[in-house]
Amino acid sequence: MKLQVAIDVLTTEAALEIAGKVAEFVDIIELGTPLVKSEGLSAVTAIKEAHPDKIVFADLKTMDAGELEADIAFKAGADLVSVLGGADDSTIAGAVKAAKDHNKGIVVDLIGVADKVSRAKEARALGAKFIEFHAGLDEQAKPGYNLDVLLSAGEEARVPFSVAGGVNLSTIGAVQRAGADVAVVGGSIYGADDPALAAKQLRAAII
């Protein structure tokens, strides 16, 4: 299972600082949507130039103009780009076309999708590299939120998948047991007092 750090800071400088501390322990460096909106795709270029050996994920959460937006991100240095599962099939297909042109990948993010299992299968059939079972920060803040809902859906869908939504040292084992290909960790790394130590511990917890 790969370890992905989701960096949800707002400046390229801060992202580079965190990436520099944790890169040796992670496989995928994700530039979160707030960062991309704040700094633009130059942040993607900066991270890729600093860490050319890492998979760089531009979390665009594209909802329309899939081929165009993915193409722009790939040209900026992204290896993976996200498209929302709620988008039209043609949007996902367009993004996948751009990915094939660049020999890169599309991740379909199921945030806000009610029937995650069915949509995961559809998105995979459209050419997504893997599917992200994702609960956003707002959803995680609701009373009674439980990561197990995402894990169960991922297991049932039987597609290559990642899990994002409160993954931390106490839950990463469950994420791996559910069969996830990628564990996505955000605040538990970038918000830690010692991000490098946090990433190292998470890496060590992956069997």
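**Figure 1. What lines the largest pocket.** Helix 2 (33–39), strand 3 (55–62), strand 6 (130–134), helix 7 (137–140) and helix 10 (187–190) each put at least two residues into the lining of the largest pocket. This is a predicted model. Helix 7 is the top contributor, giving four residues to that lining. The space in the largest pocket comes to about 490 Å³. In all, 25 residues line it, and the ones closest to its centre are D8, H134, G136, L137 and Q140.

**Figure 2. An aromatic pair, F133 with F161.** The structure has one aromatic pair. The ring centres of F133 and F161 sit 5.5 Å apart and the ring planes meet at 80 degrees; anything over 60 degrees counts as edge-to-face, so that is what this pair is. The two partners come from distant parts of the chain, 28 residues apart: F133 belongs to strand 6, and F161 to strand 7 (residues 161–164).

**Figure 3. H51, tucked into a loop.** H51 sits in the loop that runs between helix 3 (42–50) and strand 3. With a relative accessible area of 12%, H51 is buried, because the cut-off for that label is under 20%. Which residues does H51 touch, once those up to four places away in sequence are set aside? They are A19, G20, A23 and I29.

Figure 4. Most residues other than glycine have a negative phi.

**Figure 5. R158, a loop residue with positive phi.** R158 is another non-glycine residue with a positive phi, in this case near 55 degrees. R158 is in the loop between helix 8 (148–157) and strand 7. With a relative accessible area of 75%, R158 is exposed, because that label needs over 50%. Strand 7, on one side of this loop, is also the strand that holds F161 of the aromatic pair.

**Figure 6. Stepping back to the chain.** Here is the setting for the close-ups. The chain has eleven helices and eight strands. Its C-alpha atoms fill a box of roughly 45 × 35 × 30 Å along the principal axes. How does the radius of gyration sit against the value for a compact globule? For 207 residues such a globule would come out near 17 Å, and the chain has 16 Å, so the two agree. Buried residues account for 52% of the 207 in the chain. As for contacts between residues at least 6 apart in sequence, 64% of them join residues at least 24 apart.

Definitions and conventions. Residues are numbered from 1 along each chain as its sequence is written. This is a predicted model: local features need pLDDT of at least 70, side-chain atom pairs count only at pLDDT 80 or more; totals for chains, interfaces and linings use all residues. Side-chain values use heavy atoms; hydrogens and water are left out. On a 1 Å grid over the protein atoms alone, a cavity is a set of points where a 1.4 Å probe fits but cannot get out, and a pocket is an open set with protein on both sides within 12 Å along at least five of seven lines; lining residues have an atom within 4 Å of a point. Grid points are joined across faces, edges and corners, and a volume is the space filled by probe spheres set on the points. Rings of Phe, Tyr and Trp (its six-membered ring) pair if their centres lie within 6.5 Å; planes under 30 degrees apart count as stacked, over 60 as edge-to-face and the rest as tilted. The radius of gyration is taken over C-alpha atoms; the globule rule is 2.2 Å times the number of residues to the power 0.38. Buried means under 20% relative accessible area, exposed over 50%, partly exposed in between (1.4 Å probe, protein chains only). Contact means heavy atoms within 4.5 Å.
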